[in-house]
Amino acid sequence: MEDSINKGRAAVVVYYLDDSAASKAYAPVVSGIKLLWSSAVDLLPLTTDELANQDKENPKSPSYYWQGVVPQVLVIDKSGTVILNKTGQVPIAEINEAISSATGLEPPSFSISIKSFNEYNSEPSKDGYTDPR
């Protein structure tokens with residue numbers, strides 16, 4: 001995250017736990033963010049285990065923002081200003097609006113649908129996709 005701020009790039013941080021059912025259910029949304037915005041933002045999925053010994057006093061450190069709940073989504077703009085900081089199953093439309101605000105880019109003109117293969121596996125796909133970002 002510090003690297004993103006130092007390079008003047010917007011970042012999306014997603015806090016999760018590998019063994020959390022809520023985090024697993026949210027994984028397709030994270031994949032959707034990558035599909036929609038990969039060239040415009042730095043996507044930083046972080047397991048909360050990594051935050052244990054990090055600096056909680058530095059606003060450029062992901063541990064500074066972690067609220068102790070997974071999943072949590074944090075969108076910061078290129079100057080480090082927090083645009084969105086929410087826990088739980090945050091809708092992708094809300095994240096898209098925050099990313100649009102953080103980057104100055106228009107939200108995607110297409111939507112994402114999640115195709116489920118079974119209770120464990122799913123993947124996002126772009127509906128009406130015609131042009132990469």
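Predicted model: local features only at pLDDT ≥ 70, side-chain atom pairs only at ≥ 80, totals over all residues.
1. Cis peptide bond. The bond joining Val-70 to Pro-71 is cis, and its omega is near -10°. Most peptide bonds are trans. Pro-71 belongs to the loop that runs between strand E2 (42-47) and strand E3 (72-76).

2. Largest nonpolar core. This core holds 19 residues, and the members that touch the most others are Val-12, Tyr-26, Val-73, Val-75, Ile-95 and Ile-99. Two or more residues each come from strand E1 (11-16), helix H2 (21-37), strand E3 and helix H3 (92-103). Helix H2 supplies the largest share, with six residues.

3. Ile-99 within that core. Leaving aside residues up to four places away in sequence, Ile-99 touches Val-12, Ile-33, Trp-37, Val-41 and Val-75. Val-12 and Val-75 are, like Ile-99, among the core members that touch the most others.

4. Second core. A separate nonpolar core is made up of 10 residues. Met-1, Val-13, Leu-46 and Tyr-65 are among them.

5. Lys-78 and its contacts. Lys-78 sits in the loop between strand E3 and strand E4 (82-87). Its C-alpha atom is 4.4 Å from that of Gly-8, although 70 residues separate the two along the chain. With residues up to four places away in sequence again left out, Lys-78 touches Ile-5, Gly-8, Arg-9, Ala-10 and Ala-102.

How values were computed. Residues numbered from 1 in each chain as written. Heavy atoms only, no water. Helix = DSSP H or I, 4+ residues; strand = E, 2+ residues; numbered from the N terminus. Core = buried A, V, L, I, M, F, W, Y, C linked by side-chain atoms within 4.5 Å. Buried < 20%, exposed > 50% of the residue type's maximum accessible area, 1.4 Å probe, protein only. Contact = heavy atoms within 4.5 Å.
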